[in-house]
Every structure is written in C-alpha cells, then in structure tokens.
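These are my notebook entries on a structure that I examined step by step. I recorded each item as I looked it up.

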Amino acid sequence: MATATTEPARAVRGAMTPLPYRVVRKRRENHDNWTLELEPVDEAIEPIGPGQFTMLYAFGVGEVPISTSGDLERDGTTLVHTIRAVGAVTNALCAAGAGDILGVRGPFGNTWPVDAACGRDLVVVGGGVGLPPLRPIVYHALRHRADFERVVVLYGGRTPDDLLFRRELDRWRGRLDGNVDVTVDAAGRDWTGKVGVVTKLIPQAAFDPETAVCYVVGPEIMMRFTARALIDRGVTPDRIWISMERTMRCGVGLCGHCQLGPTLICRDGPVYRLDELAPLLEVPEL
Amino acid sequence: MRTLDALIVESPVFRGLKQDQLDLVAGCASNVTFDAGERLFGEGDPADTFYLVRHGIVAVDTYVPNRGQLTIETAGPGEIVGWSWLVPPYRWHFTGRAVEAVRAVQFDGACLRRKCEEDPLLGYDLLTRFAQVLVSRLEATHFQLMDVYGDRHD
C-alpha cells in the first residue's frame, strides 16, 4: 500500500515569508464560495501537490490555510484555490479582485496518495466545501483514465444552493460513465436531484469494496460517518484516506495550533490513512 | 419480464426472504407507475401502502410555513418508501411525490399486517427488516440535524 508523503515541500527557512501573488481570475462558485487563480508576481512557491495547502495572506487582515483545488498538471505556477467566505480573512480573500495582490506561503503538508488507486476503483467522497481539496484527484484520474478502473465521485451538500462546481459535476458524470452522484441535506421542490445525507450514496455506488481506494474530505463528523458507511460496505480502513482540517497557523509544525494528539496536521498531514488516525478522532478532548 | 417475486427479493430489504414468505409478501404486491409530479400519498392520509422503488426518484415532502414545500429525503431504485403502514395510527407523516417518472412495486400494508398476525414468524422477520430501514432513517436524520456543513468562522 502506498503511503502519503511526509516531507513538507518547503524547508522551514523562508517558509514564514509570504510571496506576492496576483489574482488573475476570480469565479463565483455559489453564494459564499469563490475560486481564485493566482500567479506569482516574481518568485513562485514550489509546485503544489494534490492535497497540499498554502497559507493565503490578505495583507493587514490575516492568513488562512486553503487547499489547492486546481488541475495541477495544467496549472503550472498558477495557484487555484476555492475559498468559502465565512470570516474576516476569507471574506477579505474573496473580496480580492483581478489585479489585487495576496501573500502566499507554502506549499505545506503531504499529498494524496493517488497512485494507491492505480488498477483499482477510485472513490472520492466530498461533503460541503470538502470537494475542492478532492478536485485535483478527479482531474488526475480524468487525465490518466486508463490507470484506474471505475472512478466514482460522491458529493453531499447542505442545500442545492450550497453545492460547488455544479456544471463541472455534470461534465464529470458524462466522462465517468455516470458514476457521479450528488445529494443535499434539504431542498425545495425545484430540486430534482437526491435529498439525504452523503452516506446514503455509498451502499449503491458502483465500486468494488474489496479493492477500491477511497478519498474523503468534509467536516470531521461527516468523515467519521462516511468512513463507517464505507467500512459497512466492505472497504478496509487501510484503503480509506481522509484530509484533516484544524486551526493551522505556521504551516511548518512549529506553533502547535494544529496538534491532534501526537501528530501535527500541518506537518504530518493533512492527509491520513484512516486506520492511522481513527483512534484519535474518537477522543473528545482532541 | 421479471416476476414480482424476483423484483421483491432483489431489493436489499427483502433479500434472503424464504420462498414461502416471499409468496406471502408478493401476494400483497402489485406493479404501479407514476408520472413526474404525481403524488403517491399525502400527509395525514391513511397509510395502507408502501413502495419499493424500481426506477426513478420519489421525494418525501412536508409543508413548512413561510418556506413552502421542503423535501426531507428522496428514495431511488431498490429503496423502500413508507413505514407508516407498520405502526398505528397508520397515517402518512409526509407527502410522497414522483420527482421523475417512477416505476415501483406497491404493497398493500393492511394485507401484509393481516398475514403477519396470522404468521408471527413472517411478522418478526418483516419487523426486523423494517427496523433496519427505520434505524438507517434515524441515523440519517441525526446526521442532517447536526447541520455539519453549517458556517464555521476563521
């Protein structure tokens, strides 16, 4: 079984200094999520990998960790981040327009072990704003379609208005033999899709639980429920990968804000194999 | 064309049912179709039926003042819609509506209840199976109530 990389891509020296990046494109994904495309003003950060994050700095406001949501083999030095405007920093980032300068540190953390799914069914399960960190996996799978058996995308959101990448999901459905399933927790009558929690999609999804490799991102509680549903379906915990999100500040394992028991998520994660992390997820104080 | 027996026993909730029990269950079943938008049942109506969806999506709705008709959940192929036929007062708690054209197996709940009373082994088996449906609905409801995708500020 492959393992996630554990070496931070950027050495500690210089890692605390943000590099200036210019917003070159901005796309509204829904009522509170925006995708920003950033290009380096001068020096670029090291190439970012699927699952990694950067610290995005809105000058004078603050920094937040944001995962890459881009097509990494296409993007080159352009960084693509999908951001939900929920607080002071993310509101400032989402208010930035084309031409504005933001600070970027990183990339930080380890990467999704996408190769672990080579020759097998690849399943991604996203909840809410958990889909953007999974999008690089889907792009990779589409670009290297022959390397994988079935590619399955399962996505759950709060309401239809909260869903991300709706047009892209339709395109993926066409390219992935229909193996893209979307559900929302609640909807009005104008919604003609599924209503119910994301775990409800798992029993009938088209993958082989004996061999499939699953990548899950969403709120921690959603990941716990999803992992349980995948295990009930027959997937073993060593084939389930999750990405953790805690309060990350320095990004390089110095400040300890993102500590979860013996692990520092910014340094050792954010990607973990479920069987390595599961005991910690059930400790209430952590 | 597959028989009703075959359609019923292929569904997760009835999988593994013994042939004699399957015959009893199928004796209370019939094939039905609904056009998109058509109502299967209405909130407060007597609950004498339940459905095994074969094709299409059934929405379970309720009316919320100032918010309109809200869909609480949907059921697709292989899933069961309706458990109110099983427990008194046998009234639908929500409204069922075909989101798109639906083919389903409709079960006569009163007929099944009678057979369960006459055959306690069948009754126990069906109750166990529907308890699993109810538990999964309850777990899903807990999950929905947590509103896990709600706002978290940075």
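**Entry 1: a sheet in chain A**

I began with a single pair of residues in this predicted model: A:Thr35 stands opposite A:Thr82, which belongs to S5(A). I then looked up the strands around this pair. Strand S2 (residues 33-40) of chain A and S5(A) run antiparallel and are joined by six bridges.

Next I asked in what order the strands of the open sheet in chain A are arranged. I found six strands in the order S4-S3-S6-S1-S2-S5, with antiparallel pairing. Strand S4 (62-67) and S5 of chain A stand at the edges. Each of these two has a single partner strand, so one side of each is left without a neighbour in the sheet. I noted that the twist averages 40 degrees from one strand to the next.

I then looked for a helix against this sheet. Helix H2 (residues 88-95) of chain A packs on the sheet, where it touches S2, strand S3 (53-58), S4, S5 and strand S6 (101-108) of chain A. The direction of H2 makes about 75 degrees with that of S4(A).

**Entry 2: the domains of chain A**

I looked up how chain A is divided, and I recorded domain 1 (19-108) and domain 2 (114-243). The C-alpha centres of these two domains of chain A lie 24 Å apart. To their contact, domain 1 of chain A gives 15 residues and domain 2 of chain A gives 16 residues. On the side of domain 1 that touches domain 2, the elements giving two or more residues are helix H1 (72-75) and strand S5 (79-84) of chain A. I sorted that side of domain 1 by class and recorded two nonpolar, nine polar and four charged residues.

**Entry 3: chain A as a whole**

I counted the elements of chain A and recorded seven helices and 16 strands. Why can chain A be called as compact as a globular protein of its length? Its radius of gyration is 18 Å, close to the 19 Å that the globule rule gives for 286 residues, so the description applies. Along its principal axes the C-alpha trace of chain A spans about 50 × 45 × 40 Å. Of the 286 residues in chain A, 50% are buried. I also examined contacts in chain A between residues at least 6 apart in sequence, and 71% of them join residues at least 24 apart.

**Entry 4: the contact between chains A and B**

I turned to the place where the chains meet. Chain A gives 28 residues to the contact and chain B gives 23 residues. On the side of chain B, strand S5 (68-75) and helix H4 (120-145) are the elements that give two or more residues. The largest share of that side, seven residues, comes from S5(B). By class, the side of chain B that touches chain A has 10 nonpolar, eight polar and five charged residues.

Strand S10 (residues 187-188) of chain A pairs with S5(B) in the antiparallel sense, over two bridges. I noted one of the partners: A:Gly188 is bridged to B:Leu70 in S5(B).

**Entry 5: one residue of chain B**

Finally, I looked up B:Arg129, which lies in helix H4 of chain B. B:Arg129 has 16 other C-beta atoms within 10 Å, and it is therefore partly exposed. Leaving aside residues up to four places away in sequence, B:Arg129 touches B:Val13 and B:Phe14. I also recorded that the C-alpha atoms of B:Arg129 and B:Ile8 are separated by 13 Å, although these residues are 121 residues apart along the chain.

Notes: Residues are numbered from 1 along each chain as its sequence is written. Chains are lettered from A and ligands numbered from 1 in the order in which they are written. This is a predicted model: local features need pLDDT of at least 70, side-chain atom pairs count only at pLDDT 80 or more; totals for chains, interfaces and linings use all residues. Two residues are in contact if their C-beta atoms, placed from the backbone, lie within 7 Å. Helices (H or I, at least four residues) and strands (E, at least two) are DSSP runs, numbered from the N terminus. Ala, Val, Leu, Ile, Met, Phe, Trp, Tyr, Cys and Pro count as nonpolar, Asp, Glu, Lys and Arg as charged, and the others, Gly among them, as polar. Two strands pair if DSSP finds at least two bridges between them. Domain bounds come from an automatic or database domain assignment. The radius of gyration is taken over C-alpha atoms; the globule rule is 2.2 Å times the number of residues to the power 0.38. A residue is buried if 20 or more other C-beta atoms lie within 10 Å of its own, exposed if 12 or fewer, and partly exposed in between; C-beta atoms are placed from the backbone. Axes are lines fitted to C-alpha atoms, for helices over the stretch in contact, and angles run from 0 to 180 degrees between N-to-C directions.
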